[in-house]
Amino acid sequence: MTLQVARVVATFGRHSLVREASAADAPLRVATRRGKKGDVVVGDLVHCSVAGEQAAIESIAPRRSLLFRADEFRTKELAANIDQVAIVFAPRPPFNAHFLWRALLAARAARIDALLVLNKTDLTDGLPLAQAALDQGRALGVQTLALSAKAAPDDARARFAQATAGRATLLVGQSGMGKSSLLNLRVDANARTQEYSTRLNVGKQTTTATRWFDVPAADGGGALIDSPGFTAFGLAHLSLAARAQAMPDLAPLIGHCRFNDCRHLNEPGCAVREAVDRGEVAPARYAFYAELAAEALRAPTY
């Protein structure tokens, strides 16, 4: 039996798939968390005791980053040890701008870089609204990318590779936005997913799980982490103050209100509301903050 450092590339219940961290082409092993359940996240570096193809996770190395979402009922860890989050949306099916803003806020609060990716630019129906959302993201200081993974795959591959090379990038987005198409531009995700399913012996159920895919060094290196599509990005783990600080258009105004405990709602002398009145903060963004404030004040944070 040997002890090695491994990367968690997929999880399912108490079982995880791990690969030796120092070799991207090392064989996958099924690993079980010794004595605990549910604290292993895709992307974790773990210390494993190994015997043949079986492994036991003895401990988890400190994480340099962790992105998760939370509502009042549960917390869902998305991935650990990532460098950036690519938030993918498209003109069709219709996207939710507040989903984009929530994901951007969560990334900023976790001190993880964000990349806003508009896919399916070949679709004219809904494109002006999607382009406006991309422009607003750029105005907030977010790196942006517009492409079409299916209509112009060579161009999309080149520019997506440039934006993700050498970095561990988590793909998030609502269902149907084309995350899988982007993923397959850089890695043979379909083949690897089948390998994961075979190893875990859980069949199609792994399609609902987050998965880590190493990108070959010849293609720029790094990793892409696929996640299931979901409709809501809960922020229950963030206090009202943390939510405001994670909004780049509001953060510079915080601390300039008349009252130190200003919630930026109905208090007099609020620098945020005054900036809205002057046209320096978009009304839609302030309405978004008011939505977040209502949530934070309605339920306790984690």
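Let's start at one spot: phenylalanine 230 sits in the loop between strand E13 (223-226) and helix H6 (240-245). Helices (H or I, at least four residues) and strands (E, at least two) are DSSP runs, numbered from the N terminus. Keep in mind that this is a predicted model, where local features need pLDDT of at least 70, side-chain atom pairs count only at pLDDT 80 or more, and totals for chains, interfaces and linings use all residues. Residues are numbered from 1 along each chain as its sequence is written, and side-chain values use heavy atoms, leaving out hydrogens and water.

So is phenylalanine 230 buried or exposed? Its relative accessibility is 8%, so phenylalanine 230 counts as buried; the cut-offs are under 20% relative accessible area for buried, over 50% for exposed, and partly exposed in between (1.4 Å probe, protein chains only). Leaving aside residues up to four places away in sequence, phenylalanine 230 touches Arg69, Leu78, Phe99, Val172, Gly173, Gln174 and Ser175, where a contact means heavy atoms within 4.5 Å. Asparagine 266, on the other hand, is 36 residues from phenylalanine 230 in sequence and 33 Å away in space, C-alpha to C-alpha.

Now zoom out. The chain has eight helices and 13 strands, and its C-alpha atoms fill a box of roughly 65 × 45 × 30 Å along the principal axes. Buried residues make up 49% of the 302 residues. Look at contacts with a separation of 6 or more, and 64% of them in the chain join residues 24 or more positions apart.
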